[in-house]
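Hi everyone, thanks for coming. Let me put the model up on the screen, and then we can walk through it together.

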Amino acid sequence: MSILILGANGFIGSHLSEALLATTNASVIAVDLAQHNLDACMTHPRFQFFQKNMLTCKKDITDYIKRSDVVLPLVAIANPSAYVNNPLGVFELDFEANLDIVRQCVEFKKRIIFPSTSEVYGMCPDAAFDEDVSSLVTGPIQKERWIYSASKQLLDRVIYAYGKRQELDYTLFRPFNWYGPRLDNIFNPKPGASRVLTQFIGNILRGENIMLVDGGAQQRCFTHISDGISALVKIIENKNNAASQAIFNIGNPIANSSIRVLAEQLIALIATYPAYAALANRAQLVDVDANTYYGPGYQDVQLRVPSIQKIRAALDWHPLVGMEEGLRQTLDFYLK
Ligand code: UGA
């Protein structure tokens, strides 16, 4: 089986490439602008890397799609501060560029495994989000944060419609706050430049205050990348077609933490690394209102818990890595 990963150098793409080479017989066609996260793959005989921009090298991308059996289009902006500061950029890349890939998968009859997002549920009031039942709840247009959620939701609907017409074999997967090594660059000092975990690690290491948006009571289920990847490998293997024409949440409902508790846990864990203990002990938690931190286009999600009954039943998957173990493993990567 030949698997095309667009955005292979990214957080999910690089971990997935490594796992596919290590645990399956698949060949990987990897495309990205850079290759610094792919050192472990570059010399593997089943790995081919092409340094291409999918927006400008369209003919090459079409050629790779034709040569593959399964396509994973992982190129996207996935950072809330970008949703409010560069909404059209999010639409152009996350929606328009990916719509083109979806259509080519229809044209060339390729299976697509597409990253939807936990963000599509938005402010859904359900205690646990169900892929096939929960409502998708976003805010008014002026709250530009939702352009990412809306772009992904519309692509989900387009893919579903092609699938229903039996023109596309698809799986939509919804990551819930995946984290781990290579998540974001912790050396980017701009507030909101990375997702919360890497933002906080960077804050502590630079001796800055940790900013808790609206007090940090909002909760997320933090899912270790190794659990996310084991689910994706099962989706790619697709035993008995159990992953075809399906939407799956991929998250860890037990690893539910408020942002404040995450900050406290990180400070305590970083304090156990002798070289960084002094910095951790100096770290201060400071409340900031969302308007000041992100601007008026932001609106937050208070509770985001996935139901994982569906993927458990279809693919016999469940997460294995608890929060403390996952955070420690991530800190080992960034601090050692
Ligand atoms: C994320 C991103 O949209 C995507 O990475 C992804 O699609 C999705 O969720 C997911 O991984 O499931 P969100 O969880 O809101 O959205 O993003 P973070 O930037 O990680 O923020 C988490 C929470 O921490 C938010 O409530 C935010 O306000 C808060 N935060 C963030 C702070 O309190 N302080 C900070 O310095 C940064």
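So, how many residues does helix α5 have, and how far does the helix reach from its first C-alpha to its last? Helix α5, residues 146–164, has 19 residues and reaches 26 Å, close to the 27 Å expected at 1.5 Å a residue; that expected span is 1.5 Å times one less than the number of residues. Helices here are DSSP runs of H or I with at least four residues, strands are E runs of at least two, and both are numbered from the N terminus.

A word on provenance: this is a predicted model, where local features need pLDDT of at least 70, side-chain atom pairs count only at pLDDT 80 or more, and totals for chains, interfaces and linings use all residues. Residues are numbered from 1 along each chain as its sequence is written, and side-chain values use heavy atoms, with hydrogens and water left out.

Back to α5. Its buried residues include Trp146, Leu155, Ile159 and Tyr162, where buried means under 20% relative accessible area, exposed over 50%, and partly exposed in between, with a 1.4 Å probe and protein chains only. They pack against α3, α4, β5 and β6. Just after the helix, Gln166 takes a positive phi of about 60°.

Now Ile235. Among the residues it touches are Arg111, Phe173, Ile250 and Leu315, leaving aside residues up to four places away in sequence; contact means heavy atoms within 4.5 Å.

Finally, Phe187 sits in the loop between β7 and α6. Why does Phe187 count as exposed? Because its relative accessibility is 63%. Phe187 and Leu315 are 38 Å apart in space, C-alpha to C-alpha, and 128 residues apart in sequence.
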